[in-house]
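Thanks for coming. Please have a look at the sequence and the structure before I go on.

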Amino acid sequence: MTPGITKELKVVFGENYHIDVEYKGFVVKTDQPVKDGGENTAPAPFDLFLVSLASCAGFYALAFCKERKIPTEGLGVTMTTERGEASRMIDRMTFIVDLPAGFPEKYRAAIAKAVDHCTVKAHMQRPPQFEIVVRP
């Protein structure tokens with residue numbers, strides 16, 4: 001590993017548009033939709049980006065309840081996205097937290113704040129610098 005690099009993800013090309021990424025002993029599979037030349041056998045990379053946001057928000061909601069010993073049956077998080085007509089980029093992401101029955105009213109604002117601490121979202125709000133290095 002290059003000095004200063006703390007994490008390394010290795011891209012492995014498969015057939016057609018199947019692309020795997022090796023990371024921390026896991027293999028994350030991706031593909032492209034049929035309309036984009038793929039076979040739709042796995043999520044597309046952008047789908048995984050969205051999934052990472054939703055699962056991160058879910059983690060913070062779940063951890064909030066577990067730390068306070070609040071039953072989690074019925075707890076849910078749904079993320080919706082809205083694209084801009086002109087930009088075709090996502091302009092809004094909304095996280096909807098469905099609280100379990102009997103959730104203490106005094107914690108409603110606190111669980112929203114906990115979900116807002118999602119580290120994936122935090123990295124979007126303070127994005128890293130991107131660098132492309134092409135080697136022979």
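I will go through the sheet and then the aromatic rings. Keep in mind that this is a predicted model.

Let me begin with the sheet. Three strands make up an open sheet, in the order β1-β2-β3, and the pairing is antiparallel. Which strands stand at the edges? They are β1, residues 10-13, and β3, residues 26-30. Each of these has a single partner strand, so one side of each has no neighbour in the sheet. On average, neighbouring strands of this sheet are turned by 25° against each other, with direction ignored.

Now the pairing of β2 with β3. Strand β2 covers residues 19-23, and five bridges join β2 to β3 in an antiparallel run. As for Y23, its bridge partner in β3 is F26.

On to the aromatic rings. Searching the whole structure gives four aromatic pairs. One of them is F59 with Y60: the ring centres are 5.2 Å apart and the planes stand at 85°. An angle over 60 degrees counts as edge-to-face, so that is what this pair is. Is F59 buried or exposed? With a relative accessibility of 52%, F59 counts as exposed, because the cut-off for exposed is over 50%. Y60 has a relative accessible area of 22% and is partly exposed.

There is also an aromatic cluster, formed by F64, F103 and Y107.

Technical notes
Residues are numbered from 1 along each chain as its sequence is written. This is a predicted model: local features need pLDDT of at least 70, side-chain atom pairs count only at pLDDT 80 or more; totals for chains, interfaces and linings use all residues. Side-chain values use heavy atoms; hydrogens and water are left out. Rings of Phe, Tyr and Trp (its six-membered ring) pair if their centres lie within 6.5 Å; planes under 30 degrees apart count as stacked, over 60 as edge-to-face and the rest as tilted. Buried means under 20% relative accessible area, exposed over 50%, partly exposed in between (1.4 Å probe, protein chains only). Two strands pair if DSSP finds at least two bridges between them. Helices (H or I, at least four residues) and strands (E, at least two) are DSSP runs, numbered from the N terminus. Axes are lines fitted to C-alpha atoms, for helices over the stretch in contact, and angles run from 0 to 180 degrees between N-to-C directions.
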